[in-house]
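Please look over the structure below alongside these notes. They are numbered by topic.

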Amino acid sequence: MLPASDALHSLLTSFLKQRMHFFTPRVVFAGAVMVLAACAPAKKPQTAANPAMDPRNDLKAGLFDAGEFTSNMKVVGKAVSPNGFLGITNSDLAFTGNYVIQGNYNGPVVWDVSNPSSPKLVVAYECPASQNDVSVYKNLMFLSAEAQNGRIDCKPGGVREAVSKERMRGVRVFDISNIREPKLVANVQTCRGSHTHTVLEDPKDRENVYIYVSGSSGIRPSTELAGCAGDVSANDPNSSRLRIEIIKVPLADPAKAAVVGRANIFAGLKEPPRHGLSDADKAAATQQLAAARAAGAFIAKNPQSGMDMVAPGQLVRPLLDSLAKARGAGTPNGADSAAARPLVQLAVNRIFANPAGGNANSGEVSERSQCHDITVYPALGLAGGACEGHGILMDISDPVNPVRLDAAADSNFAYWHSATFNNDGTAMLFSDEWGGGGAPKCRAGDKPEWGANAIFDIVPNPQTGKKQLKFRSYYKIPTYQTSNENCVAHNGSLIPIPGRDIMVQAWYQGGISVFDWTDTQNPKEIASFDRGPVDGTRMQMGGSWSVYWYNGNIVSSEIARGLDVAQLVPSEHLSQNEIDAANTVKWSELNAQGQPKISWPPSFPLAKAFTDQLERKGCAAPAVSALRTQIAAAEKASGAARNSALDAAVSAAEGARGCDGKKTDLLKKALQDLRAPAM
């Protein structure tokens, strides 16, 4: 019998992640802390009346000449990845000053977007690793390294030895005081590497910043990194299982950055429910199996689902090679193939006996579980953990000791990937990276609840008063993509439209979607940008990995191409005043996973934006008309005359109170903040 080595398990687990339908669907509960969104009344995602007719469908394919479609936004600038980085996966984004730092599996790429219509390359710094997700804090830059190819000196070539002190898996710290010459000052090694990370600025601690590390690879041997313990249960206080590693970075001496905590936020959770195949997956699987059988490929039966599957070549080849070697030959023959087939099935049986490495028989959450992304909201002392099988709400008032407040599981969700709060912290959105990001999951035969966003209100528990999650709805882009386009919900951020919760989000080759989720039960798309597939003949990775709003621009990291810069344009869904008010928000830096509290400076666009929203809602027309007259008069006046017109506008605003009292109060405050100081 073939032993289930860690490498083999990792291979099949990765294979499994791309095909979550191998799990037998089931429903589990985790007591009071669990929200089962699948058990909520059915709430279908908002889609077009006929998604099959959406203009984004069937755009012309091409790497640099693909067909494009925009709705209510315009693409103002594009940049192609530089030599040595083009063709290597572009990943996440961070912003500092006028610079965009783009992660790339070959190292960070810095762009100057002072002129958004013409991004300029500043530096492409070679430092291979995956995913090289990037964050910034003032003069510091942080990069995630998880794969085996990362070196402590940033040189290419990887590390050949199975155990080596030269290997880098964790978070790198750079000094970017001179952004053209990043200086590596620390390699903070972690037990599971760093797939992603989150920078947390604690309002109570100005001397340090903290980093929550999300590492999803296998636990390192203690011979490579002391203190790593993958051979003991998660219940053991020394275990590396089910832990979020927490790094403290002293700002006065970042070279002393080190792991200071390992938090277990998974204790007591149950293995989450899963869903089966979509109709599109069934059709693709049937076609794939038929082609594989015709080619003589190895077919195994999944012991959980009872379905046939194509055994991955990485599993089959070593078996064939070892059988050939055992008889003194260098090349496998037909007899070796015949002997290998039952061994392949035994290997699959062994691995799928516990596919996620956890406690399948006990119903406890897998001990291989980890968070994929954690979004912190320091101003509110909250964090949202998108943690593979669960969405988790946390209290982070003590950065080194985060506490789980609530958790959600949903049979419609295959892989909880990322989280976003609304600005006032009363709602949260989780994305589902069904298929792992490398598969087409926006086809006509894919359910709109799968590979989508799940939207929750954050409400007090009626018994304890503790914050908890209450499921409201799903959102998925209202279009059908082809089987040659990897497409699923991915990274995004809020756009600071005052009085509304509007988000821009990447959907890989599904493009960019801007949607309004102010009404958490009725999210609606209001703008979009999409290209045709990278290749019209086969599935090839591409599309928007991340897209974030930063100081008036929507910046997208295009996996295969480079960088896109877009801007919103007015439409029936969004007025010019609302766009202008958003553009008054200016940040000196942005990490989307470190969500800032948005505030708007006093401005006439802010007051006019609230007025537009009252009018869009159908509030009292005479009141809105009077408001516009008085605001226009105030904008032209100064001193006492301005104050008089503003006072009249405040009085006029009361006419809309019966329609929307909350918006009326926001408008009145915006008007009062414009008053000239008394002389």
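How are α6 and α9 oriented to each other, roughly parallel or roughly antiparallel? This and a few other local features are taken up below.

This is a predicted model, in which local features need pLDDT of at least 70 and side-chain atom pairs count only at pLDDT 80 or more, while totals for chains, interfaces and linings use all residues. Residues are numbered from 1 along each chain as its sequence is written, and side-chain values use heavy atoms, with hydrogens and water left out.

1. The helix pair. Two packed helices are described by the angle between their axes and the distance between the axes. Helix α6 (residues 604–616) packs against helix α9 (residues 661–672) at an angle of about 155°, and their axes are 8 Å apart. The axes are lines fitted to C-alpha atoms over the stretch in contact, and angles run from 0 to 180 degrees between N-to-C directions. α6 and α9 are therefore roughly antiparallel to each other (under 35 degrees counts as roughly parallel, over 145 as roughly antiparallel, 65 to 115 as roughly perpendicular, the rest as oblique). Helices (H or I, at least four residues) and strands (E, at least two) are DSSP runs, numbered from the N terminus.

2. Helix α4. The 19 residues of α4 (residues 334–352) should span 27 Å at 1.5 Å a residue, and the end C-alpha atoms are 27 Å apart, which agrees. The expected span is 1.5 Å times one less than the number of residues. At its N-terminal end α4 is capped by N333, with a side-chain oxygen 3.1 Å from the backbone nitrogen of A335. Buried residues of α4 include D336, A340 and F352 (buried means under 20% relative accessible area, exposed over 50%, partly exposed in between, with a 1.4 Å probe and protein chains only).

3. Backbone exceptions. Most residues other than glycine have a negative phi, and most peptide bonds are trans. The peptide bond from S130 to Q131 is cis, with omega near 5°. N132 has a positive phi, near 55°, and is buried at a relative accessible area of 0%. L242 also has a positive phi, about 55°, without being a glycine. L242 sits in the loop between β13 (208–214) and β14 (244–250) and counts as buried at 5% relative accessibility.

4. A buried histidine. H390 lies in strand β20 (residues 390–395). With 1% relative accessibility, H390 counts as buried.

Key:
Polar contact = N/O pair within 3.5 Å; in protein donor to acceptor, adjacent residues only side chain to side chain.
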